[in-house]
Amino acid sequence: MDSIHDRASIVGIGHTEYSRDSGRSELKLACEAIGAAMADAGLGPADVDGIAKYTMDNNDAVDIARCLGIPQLRFFGEVAYGGGGGPVGTVMLAAMAVATGQAKAVVAFRAMNERSGRGTPRFGQASTAQGARGLQSYLSPYGLFSPAQMVGLAARRHMHLYGTESRHFGAIAVTCRHHANLNPDAMMHGRPMTLDDHQNSRMIADPVRLLDCCLETDGGAAVIVTTPERARDLRQRPVHIAAGGSGAGAWNHRSVVKDVDSPMSESMVIAQRLFRDAGITQDDIDVLFIYDHFAPLVLMAIEDYGFCKRGEGKDFIGDGARLRWPDGDLPLNTSGGNLSEGYMHGMQNTIEAVRQLRGTARCQVQDARYSFVSSGNAVPTSAMILRRDA
Amino acid sequence: MNGVTAFPYPVPEYGAEPYWQACNDERLVMQRCTACSKFRWHPAPICPYCQADGFAWEPLSGRGRVHTWTVITHPVHPAAIGKVPYVVVEVELEEQPGLRMLSNLVDADPAAIAFDAPVALGFERHPSGQKLPIFRLA
């Protein structure tokens, strides 16, 4: 046994509403989301003995255990680069803990007041500290602060090398908005978007436009992981981890912003064994959950996870019709994603990937058997393939 | 937020002081590995190419080409409000393939910027007094 293949399963999902101002603390949001996931699984506090969190999450595992009445914690851990590296990385931590018998059932969660700023500073705004330290000392003095600005550098390079156009990024944004408009829980429900809307949206960091950028959100989201054996006795149809991994490429160590020219990106490090571990190919994936912090990076992830060759993302995506439910052959982020459902650092995509395999998604892909889920690229990242029982 | 009129100044990392001191003398220097002869940016304690410890601070010509750039139009920092649009550039320096650094491209019409366009080094004084290496189209 040399991988996580079929050694852990997601048995519970839960989330709060996604909003611009939750009106309550980040600890409250975490407890509500985790509590909802426990109820969904049919597990009580004594059944849960592990907590995996994003490093960026302000909540403390022991605070959560106290609030939820979890009597014994046997595992707690954090995923670095989470941030965007977390929505799969935390699930993988949980999976490894249950697969090795270190814990029985582990929660992976994200909770933040990132839009209201009540606890977490908005990522789309810069710190006003007068001195910049560490890596920032080489960036902030030039006015290079936000992720969108760094993505601007990478997106322009990709456009130059491969002929990618802004409309290809727009096709991704329009797809996520289309799905959000089929999801009454999405922040952008009731606010349709056309490609023209995207093309006319204002520049943030040319070539990145406003509508290439994810939302900023208050909320919480959680999943619960246990072993496949236990999963089959629980309330929900189990969803198994067919494969998963984390990755960073050499550029992550040598370059500050994403090196589009790098022959081995962080996504490619993972892709090398992900599909082999799952025993399937990219063609077997029924529904795609690509971390959508910025539309240009979604296109690059589709390429680097091997759904097409590098540079062919523009042809693969085309006008985006193939990514849109119900007619597309490979629906993308079917609840609206970070771009249009709510920015829960991707955990909302993990939850929707589970719904698809349970058969309970609003935009349900018929007979979906395999979901692909990735964390945010352009930082060290993680990805997994989920499956249901045949 | 109000009253912040400058981007942050660089607080030199432990070991990176010579980089910033040379900037104040209007010289661009980088660490060059004494084992594999490669330059690196930004400063780092160990060579990222061969993992050797030894290095010397050596000057660069300041000549390079535009690798990529972004025109920042949305201010995310109070000091950016009066500065947008401004250009952040990644320059590939002539001394070594793949040796790239981030900076500003100043005095440039965004429409005139092109991939591989030659650039030349200059320096601008931050209000803190620290000089920053910047580039102009050559």
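I began with helix 1 of chain A, where Glu26(A), Leu29(A), Ala30(A), Cys31(A), Glu32(A), Ala33(A), Ile34(A), Ala37(A), Met38(A), Asp40(A) and Ala41(A) are buried (20 or more other C-beta atoms within 10 Å of the residue's own, with C-beta atoms placed from the backbone). Helices here are DSSP runs of H or I with at least four residues, and strands are runs of E with at least two, numbered from the N terminus.

A note to myself: this is a predicted model, in which local features need pLDDT of at least 70 and side-chain atom pairs count only at pLDDT 80 or more, while totals for chains, interfaces and linings use all residues. Residues are numbered from 1 along each chain as its sequence is written, and chains are lettered from A and ligands numbered from 1 in the order in which they are written.

What do the buried residues of helix 1 pack against? I found strand 1 (9-15), helix 2 (61-68), strand 4 (105-113) and strand 8 (218-226) of chain A. Just after the helix, Gly42(A) takes a positive phi of about 80 degrees.

Next I looked at the contact between the chains, which takes 32 residues from chain B and 34 from chain A (C-beta atoms within 7 Å). On the chain B side, strand 5 gives the most, with five residues.

Last, I checked strand pairing (at least two DSSP bridges). Strand 6 (residues 203-206) of chain A and strand 5 of chain B pair in the antiparallel sense over two bridges. Asp206(A) stands opposite Val71(B) there.

Definitions and conventions: Buried ≥ 20, exposed ≤ 12 C-beta atoms within 10 Å, placed from the backbone. Contact = placed C-beta atoms within 7 Å.
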